[in-house]
Amino acid sequence: MRLFMEVYKAYAQGRAEKDPSESWYQGEIGFLDFYVIPLAKKLKDCGVFGVSSDEYLNYALMNRAEWERRGRTIVAENVEIAKKEFRHLLKPKVIHEASGLV
């Protein structure tokens, strides 16, 4: 959540072009699929952590499944928190966008 809030704050301040909530869910899926799970598989294959290596892979796969189930809701909840926390930063941007000058 802290990284999301940091990135959302940058967006609210105009330091980032894209609203992170638009891609956060899918980005986390990609992070799990292309970094965490392959790393856990490599740890399992080399056996460097013994029995724990299998557990790491299982936890990574369970995290992936849970993110699929709950990720969109978590992102929506984080957006609501971010909008409340950074509303003072969003107002000028919203006014500017509404003016049609964007």
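Residues are numbered from 1 along each chain as its sequence is written. As the model is predicted, local features need pLDDT of at least 70 and side-chain atom pairs count only at pLDDT 80 or more, while totals for chains, interfaces and linings use all residues; side-chain values use heavy atoms, with hydrogens and water left out.

The protein comes to four helices and zero strands, so the elements run α-α-α-α from the N terminus on, where helices (H or I, at least four residues) and strands (E, at least two) are DSSP runs numbered from the N terminus. Of the 102 residues, 27% count as buried, with buried meaning under 20% relative accessible area, exposed over 50%, and partly exposed in between (1.4 Å probe, protein chains only). Taking contact as heavy atoms within 4.5 Å, 56% of the contacts between residues at least 6 apart in sequence join residues at least 24 apart.

Next up is the pairing of H2 with H3. Helix H2 (residues 24–46) packs on helix H3 (residues 51–85) at an angle of about 175 degrees, and their axes are 8 Å apart. Axes here are lines fitted to C-alpha atoms, for helices over the stretch in contact, and angles run from 0 to 180 degrees between N-to-C directions. H2 and H3 are therefore roughly antiparallel, on a scale where angles under 35 degrees are roughly parallel, over 145 roughly antiparallel, 65 to 115 roughly perpendicular and the rest oblique. Their contact has 14 nonpolar, three polar and eight charged residues; Ala, Val, Leu, Ile, Met, Phe, Trp, Tyr, Cys and Pro count as nonpolar, Asp, Glu, Lys and Arg as charged, and the others, Gly among them, as polar.

Two residues give a close-up of these helices. Alanine 40 is found in H2 and is buried, with a relative accessible area of 4%. Setting aside residues up to four places away in sequence, alanine 40 touches Ser53, Tyr56, Leu57 and Ala60. Serine 53, in H3, is buried too, at a relative accessible area of 1%.

Tyrosine 8 touches Asp19, Pro20, Ala82, Lys83, Phe86 and Leu90, residues up to four places away in sequence not being counted.

H1 has its buried residues in Phe4, Met5, Tyr8, Ala10, Tyr11 and Ala12. Arginine 2, also in H1, is exposed, with a relative accessible area of 76%. Just after H1, glycine 14 takes a positive phi of about 85 degrees. In the loop between H1 and H2 sits serine 21, which is in contact with Phe4, Val75 and Val79 once neighbours within four places in sequence are left aside.
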